[in-house]
Amino acid sequence: MNSLHMEGRAIDFALPKVSQRQLGATANAICRGGVGTYSNFVHIDSGRNRHWSA
């Protein structure tokens, strides 16, 4: 499996009282690497610069 999580280079998280949409937008503004916004969490990693929504 090729996972940045397994290499310690990615995290999925959510914050109480902060929407995933808002959290994803903030992560996109300040993070280099990948940012994925999902319905109940946001994924960030130190891979190449990219973003997506699921």
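This is a predicted model: local features need pLDDT of at least 70, side-chain atom pairs count only at pLDDT 80 or more; totals for chains, interfaces and linings use all residues.
User: Why is Thr 37 called buried?

Analyst: Thr 37 has a relative accessible area of 16%. Buried means under 20%, so Thr 37 falls in that class.

User: Where does Thr 37 lie, and which residues does Thr 37 touch?

Analyst: Thr 37 is part of strand β2, which covers residues 34–37. Leaving out residues up to four places away in sequence, Thr 37 touches Gln 20, Arg 21, Gly 24, Trp 52, Ser 53 and Ala 54.

User: Why does Asp 12 count as partly exposed?

Analyst: The relative accessibility of Asp 12 is 36%. Buried would need a value under 20%, and exposed a value over 50%.

User: Which strand holds Asp 12, and what is Asp 12 in contact with?

Analyst: Asp 12 sits in strand β1, made of residues 10–13. Neighbours within four places in sequence aside, Asp 12 is in contact with His 5, Phe 41, Val 42 and His 43.

User: What makes the pairing of Asp 12 and His 43 a polar contact?

Analyst: The side chains of Asp 12 and His 43 are joined at 2.8 Å. The limit for a pair of N or O atoms is within 3.5 Å, and one atom must be able to donate a hydrogen and the other to accept it. The value of 2.8 Å is therefore inside the limit.

User: What is the distance for the polar contact between the side chains of Asp 12 and His 5?

Analyst: That distance is 3.4 Å.

User: How far apart are Asp 12 and Tyr 38?

Analyst: Along the chain they are 26 residues apart, while their C-alpha atoms are separated by 9.6 Å.

User: How do you know that the radius of gyration of the protein agrees with a compact globule?

Analyst: For 54 residues, a compact globule would have a radius of gyration near 10 Å. The protein has 11 Å, which agrees. Its C-alpha atoms fill a box of roughly 30 × 20 × 15 Å along the principal axes.

User: What is the pattern β-α-β-β-β made of?

Analyst: The protein has 1 helix and 4 strands. Read along the sequence, they follow the pattern β-α-β-β-β.

User: What share of the residues in the protein is buried?

Analyst: Buried residues make up 28% of the 54 residues.

How values were computed. Residues are numbered from 1 along each chain as its sequence is written. Side-chain values use heavy atoms; hydrogens and water are left out. Helices (H or I, at least four residues) and strands (E, at least two) are DSSP runs, numbered from the N terminus. Buried means under 20% relative accessible area, exposed over 50%, partly exposed in between (1.4 Å probe, protein chains only). Contact means heavy atoms within 4.5 Å. The radius of gyration is taken over C-alpha atoms; the globule rule is 2.2 Å times the number of residues to the power 0.38.
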